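Here is a briefing on one protein chain.

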Amino acid sequence: MNFGVTYKSARHFIAPRGGGWLVAVLCVLVRGAEGGGPRCVLPALCAPVGPVVKLPDTDRATFSVSGLQVVIEFSEAQFVKLECPEGVTLASAGMPSFVGGARVPSVRVRGCGVGAGSLLDGLAALNVTVLDRLSLEDPPLSSLSARHLRGLQHLAGLDLDGTGAPHLQLETGALLSLVQLKVLRIINVNLSSDDVVHFPRQIEILKLINVGMTHYDLNHFSHLMHVRIHAEHAISMNARRLVELRTVILNGYETNFPPESRPSSLQELQLFSWKDSKSWSGCSNITTLQLHGVQLSELALPEGWVSRCRQLRTLKVAELSLTLPLGLLRDVTFLNLLSMRNCALRLLPEDLFRDTLNLTIVDFENNLIESLPRNLFSKITSLKKLNLSNNKLKVEAVGALGTLVSLQVLSLSDNPTLMDLCPGNSNAHVGSGTSPLKALTELDELRLGHTGVSHVCSDWRTSMKQLSLLDLSYTNITSLSYLDFHYERSGSKKLTVNFNGTPVSELTVDAGNYKSVIADLASASVKIILRATLPCDCLDYWTALAFGNLSTQAQDSVELLCREEERGSLADALERESLECAESSLCEDQEGCTCSVRPDLSHGVVATASCEGAGLDEMPSRLKFKEAPAWRLMLAHNHIQTVRFQDLPDTILELDLRNNSLHRLDGPTASKLSTVPLWIANNSLDCTCHGYDLVTNLELCVLDMEQATCDDGTPLIEAQINDPTECSSFVTVTVSLISALALLAVMVAVTAGCGMRPEMRLRVKVLLLRLGWLPRRPEPDDGRRFDAFVSYAHEDEAVVEELVKRLEVGHGYRLCLHYRDWPPGEWIHVQIAASVQAARRTLIVVSRHFLRSKWARQEFRQAHAAALRDVTPRLVLLFLEPPHRLPLDAELRSYIRINTYLLWTDPWFWHKLKLALPPPRLLPTPFEDVSVNKAESSPLQVAPRPQSA
């Protein structure tokens, strides 16, 4: 808003005598620059109420004037709006003023009295000048006269709204002084025919709403171009002699605007409460015709109904009960848009579009149409939009749409009787068939929400490459295959597929295709909207991997929940390894046990035997271990006293023996279990030399070490860190007899004597390796691509950069780094497992950042599990600060008590790191796909879920 001195005011400025005119001008300029809004001029009567409120397009200031609140909204160079309470006029003492002046195109005054002068005088007192349009809302006047409008002859627009002033009258001839007036809008002010006759005749746009008149003769407005009249009673109009009138909108209880009252210049006509079924005449130049009837008014339209309206481009009919004859649109060859909404249409004549070859938009929403003539659209070649939503269409009707190859938007939504448009297929790898719409390859939007559709047709995925929206919301789709997430696109075209509100309870994804789903979901070109409730059993395992932790736009709008609410989401169930299916055949001969299976990336299938509290006195011997490649045995709360080697399956992944009577294990059994996660709390363990095998061999894998106790009550963790002197006496005797041997023998004896002190073992090993007395144990070339997988938090990238510089550049090691070597879009769990298996070592950079990382425990466990399986020390921990200063969890604390680690601040760090890593290889081997499903080699297969009817 220009609140400064205007050119006009400066031109009329009278300079003071004595050359002081420059000072005077500067004073005015400074005063105008004091602020951009209204200010109180008389502080005794006026005070601001709070600061100016900044709104998106306007500022709002509130003032207290003689104890009454006045609100002023203003926008720079746009408008000023004043709102006054009762008893305040524009001329009231203490009214705020715009310092420097406000010259704006539009001024709106609501509830403000005028006072003894004119509106111009009242606005001038506020330093406001209206340039173009004045709006008066609810003025507290009994009559608006010419005096009130004196001096406003320049106005081009006037709005008078008496909604809140029911007694307001307009004095006859009050507007005649507004010789520049082009736009007049009057609302809720009673007028007479004489009042209208005395309106300025140069008016071009006239809007009269609820002014109490029934007949409007507007022939004296020679420049009138646009008329809108709204009333709650019957109205009629005559404008026959007007030559510039283009648009008429009549809305009343009943409207009467017969052909003899219409000018030949009329181009757009809207009639509300229309009931006339006669053929149209007097419409030779009309291009837009909109007819709104009274709901349920029944009309049988005649043949050739609008044939005389040869220039018609747009025809809209609504709120009627129509019967359409043959030849309805005969000779209407220029028609572009046809809309018949809410017309209770049941049948469309076969020749409806015979002459309307230029149609681009057809809208039959909210009718009762069940079928369509087979050749209804056969002659239309340029149709772009077709809306048949909210009807009673059946599948057969869709066949008539197959020729509309130019169609871009098709809406068939809200047709509950419209069932599947393509045959389904019980084979998820084949997918559903094609629909009658397969030729519509130019479609941009296909809307099928709230229909009976239950399959995604293949042509929607493969042929309609231009789609930006496929709406299948609230349909009957219960099952989706991996193919239903793959959509072929044209160029960079983006697509949203909406499954919201569908009863989807099954996603058919398996080991052979889950990676393709990951790739499809990772694509930025397709967004899937889906909320599904799944069984969360073994058959959802691959679905969980596919949807897992992709942080993409598509996955953000997918929510997969478990049918049992307490289990949470599918991702939660995967994290807890609870995606299992009952498999009674594995333990049908073992009383008290139940068995289940789940797929697994590494083993194909993992079986779980749950025998908790089964009253077992010995290991279950009747489980069918040979029928599953890997097992988890849950044997807590029994009376098992011993575990023999032959009692265990070939591959055991977890053993739970809590709350049993276990005392000790023999050597072979303890050796086999040394690589198995083990739970042994609440057993009476023998921690003497007789239980040596149990205590020493299982130290790496006991998961509840802090709860396990010896038979004398001593915590097992304390028994481990004490020297097993009772079990090593024969070693000390031997050492005393051969004390004269070489230094190498002494070092070996020290190593044996300090067998339970990891830090001492490391020092001795380093010394022997440096002296060349202890050769490095060669490692087999097992085809792993990387020498080490580096796991770290991104805050520690500086350390990793130094590792890369020293190891890769300096010594030729090949490191696996997630930002460089992970393929995009792969699920994070899969990436971790693949990286651990593809590297000969896993180097974990442990810091406070890493311990707070979401994936810290996952990466540590994967690497630890790999080391246990391979019986090879593949895990290397690098601490950036001493462990006792870090908030380590019980599992990490237990690990470093019995395993060596590296410290970043150790002066011998680089030398020790080189000893902990295998020698680098010159040529890396190809990266094997470690996630290949191995279920084919297993005698046990996870059966597919039965297909729903």
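Buried means under 20% relative accessible area, exposed means over 50%, and partly exposed lies in between (1.4 Å probe, protein chains only). The model is predicted: local features need pLDDT of at least 70, side-chain atom pairs count only at pLDDT 80 or more, and totals for chains, interfaces and linings use all residues. Residues are numbered from 1 along each chain as its sequence is written, and side-chain values use heavy atoms, with hydrogens and water left out.

**Whole chain**

- The chain holds 23 helices and 46 strands. Helices (H or I, at least four residues) and strands (E, at least two) are DSSP runs, numbered from the N terminus.
- The chain has 949 residues, and 48% of them count as buried.
- The accessible surface of the chain is about 44,200 Å². Carbon and sulfur atoms account for 52% of that surface. Areas come from the Shrake-Rupley method with a 1.4 Å probe; for residues, only the protein chains shown count as cover.
- Take the contacts between residues at least 6 apart in sequence: 57% of them join residues at least 24 apart. Contact means heavy atoms within 4.5 Å.

**Helix pair α17 and α23**

- Helix α17 (residues 797-811) packs with helix α23 (residues 909-916) at an angle of about 65°, and their axes are 12 Å apart. That makes α17 roughly perpendicular to α23.
- Axes are lines fitted to C-alpha atoms, for helices over the stretch in contact, and angles run from 0 to 180 degrees between N-to-C directions. Under 35 degrees counts as roughly parallel, over 145 as roughly antiparallel, 65 to 115 as roughly perpendicular, and the rest as oblique.
- The crossing of α17 past α23 is right-handed. A crossing is right-handed if the near helix is turned clockwise from the far one by less than a right angle, and left-handed if anticlockwise.
- From α17, the contact uses Glu-802, Leu-803, Arg-806 and Leu-807. From α23, it uses Phe-909, Trp-910 and Leu-913.
- By class, the contact of α17 with α23 has five nonpolar, no polar and two charged residues. Ala, Val, Leu, Ile, Met, Phe, Trp, Tyr, Cys and Pro count as nonpolar, Asp, Glu, Lys and Arg as charged, and the others, Gly among them, as polar.

- Tyr-474 is not a glycine, yet its phi is positive, at about 55°. Tyr-474 sits in the loop between β30 (469-471) and β31 (479-481). With a relative accessible area of 41%, Tyr-474 is partly exposed.
- His-637 is not a glycine either, and its phi is about 60°. The loop between β39 (630-634) and β40 (652-656) holds His-637.

**Loop residues and their partners in space**

- Arg-784 is in the loop between α16 (758-771) and β42 (788-791). Arg-784 counts as buried, at 13% relative accessibility. Arg-784 and Gln-837 are 53 residues apart in sequence, but their C-alpha atoms are 7.4 Å apart.
- Leu-42 is in the loop between β1 (38-39) and β2 (46-48). Its relative accessible area of 42% makes Leu-42 partly exposed. Val-65 is 23 residues from Leu-42 along the chain, with 9.6 Å between their C-alpha atoms.
- Lys-493 is in the loop between β31 and β32 (495-498). Lys-493 is partly exposed, with a relative accessible area of 27%. Val-526 is 33 residues from Lys-493 along the chain, with 8.8 Å between their C-alpha atoms.
- Beyond its neighbours within four places in sequence, Lys-493 is in contact with Asp-444, Lys-465, Gln-466, Leu-467, Ser-468 and Ser-525.
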